[in-house]
Amino acid sequence: MRILVSNDDGYNAAGIEALVAALRPLGEITVVAPETNCSGASNSLTLRRPLTVRQAANGFHFVNGTPSDCVHVALTGLLGFRPDLLVSGINNGANMGEDTLYSGTVAAAMEGYLFGVPSMALSLLDREWRHLDCAAQVAHALVSRFRDRPWAESMLLNVNIPAVPYRDLAGFRTTRLGRRHPAEPVIRSTTPYGDTVYWIGPVGRALDGGPETDFGAVEAHAVSMTPLRVDLTDHARTEAVAAWMEDR
């Protein structure tokens with residue numbers, strides 16, 4: 001099995017190193033990841049300058065661009081083959097609810113999915129890499145399962161892993177995305193030169209976090225697995241929009 005690995009924390013992040021180590025027994029691994037941390041890059045592509053691809057001493061390829069750039073370049077020119085699976089992560093922090101719209105980790109997986117490659121995005125809830133070994137074991141378990149039972153059709157799976165010892169996990173749950181309260185206000189400060197600057201505030205707390213959601217699953221120490229789709233059309237409101245235009 002040929003596995004393409006990417007992330008948004010950068011090619012030298014602890015999460016991607018742990019992921020690759022966990023997946024090496026399962027197949028042929030190729031890493032194409034950003035040169036620097038691109039958290040929050042979402043699905044952005046670099047269109048106004050060329051991209052460079054270099055190779056680190058450990059064999060990882062790194063690109064001076066976004067997570068989507070990395071996967072796009074890999075699938076449309078860098079690789080001489082089509083991977084059987086794309087795995088993005090292991091991310092430093094959760095990607096639940098509305099986080100998925102901003103996440104570079106999810107975006108890398110989504111780019112693979114857009115090209116028809118089965119893709120997973122893996123995130124560890126703890127931002128200090130506590131229990132990264134647990135997340136690596138989860139990655140191994142999921143990819144091993146995929147190897148033995150490939151999906152019937154391409155899918156995009158968003159996985160969030162509680163920061164607990166592996167033995168304390170309460171299994172795996174298939175979930176839907178929850179929702180957060182709006183983000184906290186921006187944080188204003190002043191530079192030593194007197195310029196006013198703004199830092200994006202912390203994410204909001206869970207608003208919709210029932211047991212069937214990603215928030216509810218990880219709260220119960222279960223691994224959350226949410227299948228995602230790219231169609232953003234609000235199909236339930238297409239008739240309402242048409243009526244709104246006609247009512248003149």
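Biologist: Where is the place of H221?
Modeller: H221 sits in the loop between α6 (214-219) and β13 (223-228). Helices here are DSSP runs of H or I with at least four residues, strands are runs of E with at least two, and both are numbered from the N terminus.
Biologist: What should I know about the model itself?
Modeller: It's a predicted model, where local features need pLDDT of at least 70, side-chain atom pairs count only at pLDDT 80 or more, and totals for chains, interfaces and linings use all residues. Residues are numbered from 1 along each chain as its sequence is written, and side-chain values use heavy atoms, with hydrogens and water left out.
Biologist: Back to H221, what is its phi?
Modeller: Phi of H221 is positive, about 65°, although H221 is not a glycine. H221 is partly exposed, with a relative accessible area of 37%. Buried means under 20% relative accessible area, exposed means over 50%, and partly exposed is in between (1.4 Å probe, protein chains only).
Biologist: And S42, what is its phi?
Modeller: S42 isn't a glycine either, and its phi is positive, near 55°. You'll find S42 in the loop between β2 and β3 (53-55). S42 is buried, at 18% relative accessible area.
Biologist: Which residues does a cis peptide bond join?
Modeller: G89 and I90, with omega at about -10°. I90 is in strand β5.
Biologist: New topic: aromatic pairs. How many does the count come to?
Modeller: Two. Rings of Phe, Tyr and Trp (its six-membered ring) pair if their centres lie within 6.5 Å; planes under 30 degrees apart are stacked, over 60 edge-to-face, and the rest tilted. Y11 and F62 are stacked, 4.3 Å centre to centre with 10° between the planes.
Biologist: Why does that pair tie together parts that are 51 residues apart in sequence?
Modeller: Because Y11 lies in the loop between β1 (2-6) and α1 (14-23), while F62 is in strand β4 (residues 61-63). Both Y11 and F62 are buried.
Biologist: And how do F146 and W151 pair?
Modeller: Edge-to-face, at 5.1 Å centre to centre and 80° between the planes. F146 is buried, with a relative accessible area of 6%.
Biologist: Now helices. At roughly what angle do the axes of α2 and α4 cross?
Modeller: Roughly 25°, and the axes of α2 (residues 67-78) and α4 (residues 104-114) come within 8 Å. Axes are lines fitted to C-alpha atoms, for helices over the stretch in contact, and angles run from 0 to 180 degrees between N-to-C directions. The two helices, α2 and α4, are therefore roughly parallel to each other. Angles under 35 degrees count as roughly parallel, over 145 as roughly antiparallel, 65 to 115 as roughly perpendicular and the rest as oblique.
Biologist: Which residues meet there?
Modeller: From α2, P67, S68, V71, H72 and L75 meet G104, A107, A108, E111 and G112 of α4. Contact means heavy atoms within 4.5 Å.
Biologist: Which residues of α2 are buried?
Modeller: P67, S68, D69, C70, V71 and A74. Those buried residues pack against β1, β2 (28-34), β4, β5 (85-92) and α4.
Biologist: Last one: where is D195?
Modeller: D195 is in the loop between β10 (187-190) and β11 (196-199). D195 is partly exposed, at 46% relative accessible area. Leaving aside neighbours within four places in sequence, D195 is in contact with S189 and T190.
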